[in-house]
Amino acid sequence: MRVCSVQIGSVVRHGSMRTAYGKRPVQGLVHVLVQGLEGDEQAWRHHGGPEMAVLAYSADHYPLWRAELSWPELPLGGFAENLTVAGASEETVCIGDVWRAGTAVLQVASPRTSCRKMSRFWKRPGLAKAAEVSGRVGWYLRVLQEGALQAGDEVTLAERRQQITVLEALRAK
């Protein structure tokens, strides 16, 4: 696995909504703190915090979305993730997996639940529902050890505690 891109965002007004959905790529090292990536903000209380400190999304999904949605310019970070990771998906990542990336140690905490802001931000009705139905939702990571990481870093699986995939956990909700 590899970190393809790292994104952070600030809370802004986007039309009638207040959101930090529009994440932007960061070059170089980014500090990973217990509450999330340094410089990243969340717009409301249902996002962020230690159990949802970092949102990861599979880079492998982007070619599928670009083709399915006829949207070739969909950028990495388009699903508001902090880490876009190649070689991982909801079908291969398990709840409780411990990852090392850079000097940070992260643990897979839960599947992301689709957020309606996804559809509103991109002005694409049904996008959030399509993500949920497809199972391509991403997953939240908690920070076990603060550190720093950057795009291009290898992500290693340090420990697998159980065999329940993110997709299985999503479907069980």
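Mentor: We'll go through rings, charges, a sheet, backbone angles and cores in turn. Keep in mind that this is a predicted model.

Trainee: Let's start with the rings. How many aromatic pairs does the structure hold?

Mentor: For a ring pair, you look at the distance between centres and the angle between planes. This structure holds six such pairs.

Trainee: Where do Trp 65 and Phe 79 sit in the chain?

Mentor: Trp 65 belongs to helix 1 (residues 62-68), while Phe 79 lies in the loop between helix 1 and strand 8 (83-86). They are 14 residues apart, and the pair links distant parts of the chain. Both Trp 65 and Phe 79 are buried.

Trainee: What about Trp 99 and Trp 139: what kind of pair do they form?

Mentor: That one is edge-to-face, with 6.1 Å between centres and 85 degrees between planes. Trp 99 comes from strand 9 (residues 98-101) and Trp 139 from strand 11 (residues 139-145), 40 residues apart. Trp 99 and Trp 139 are both buried.

Trainee: Which residues do ring pairs link into a cluster?

Mentor: Tyr 57, Tyr 62, Trp 65 and Phe 79 are joined that way.

Trainee: Which charged end sits over the ring of Trp 65?

Mentor: For this feature, you check where the charged end lies relative to the ring centre and the ring normal. Over Trp 65 you'll find the charged end of Arg 136, 4.0 Å from the ring centre.

Trainee: On to strands. What is the strand order in the open sheet of three strands?

Mentor: To read a sheet, follow which strand pairs with which. Here the order is 6-5-12, with antiparallel pairing. Strand 6 (36-37) and strand 12 (147-149) are the edges, each pairing on one side only. Strand 5 (residues 30-33) meets strand 6 over two bridges, and Leu 33 stands opposite Gly 36 of strand 6.

Trainee: Now the backbone. Is Ser 70 buried or exposed?

Mentor: Ser 70 is exposed, because its relative accessible area is 62% and the cut-off is over 50%. I'd look at its backbone too: phi is near 50 degrees, a positive value in a residue other than glycine. Ser 70 is found in the loop between helix 1 and strand 8. Ala 80 is in that loop as well, with a positive phi of about 65 degrees. Ala 80 counts as buried because its relative accessibility is 8%, under the 20% cut-off.

Trainee: Last topic: how many residues has the largest nonpolar core?

Mentor: Think of a core as buried nonpolar residues joined through their side chains. The largest one here has 27 residues, and those with the most contacts inside it include Val 32, Leu 83, Trp 99 and Trp 139. Among the elements supplying at least two residues each are strand 1 (2-8), strand 10 (104-111) and helix 4 (166-172). A second, separate core has 14 residues, including Trp 65, Trp 71, Phe 121 and Ala 128.

Trainee: Which residues does Val 32 touch, leaving out those up to four places away in sequence?

Mentor: Among them are Leu 37, Val 54, Leu 106, Val 143 and Leu 149.

Definitions and conventions. Residues are numbered from 1 along each chain as its sequence is written. This is a predicted model: local features need pLDDT of at least 70, side-chain atom pairs count only at pLDDT 80 or more; totals for chains, interfaces and linings use all residues. Side-chain values use heavy atoms; hydrogens and water are left out. Rings of Phe, Tyr and Trp (its six-membered ring) pair if their centres lie within 6.5 Å; planes under 30 degrees apart count as stacked, over 60 as edge-to-face and the rest as tilted. Helices (H or I, at least four residues) and strands (E, at least two) are DSSP runs, numbered from the N terminus. Buried means under 20% relative accessible area, exposed over 50%, partly exposed in between (1.4 Å probe, protein chains only). A charge sits over a ring if NZ of Lys or CZ of Arg is within 6 Å of the ring centre and within 35 degrees of the ring normal. A nonpolar core is a set of buried Ala, Val, Leu, Ile, Met, Phe, Trp, Tyr and Cys residues joined through side-chain atoms within 4.5 Å. Contact means heavy atoms within 4.5 Å.
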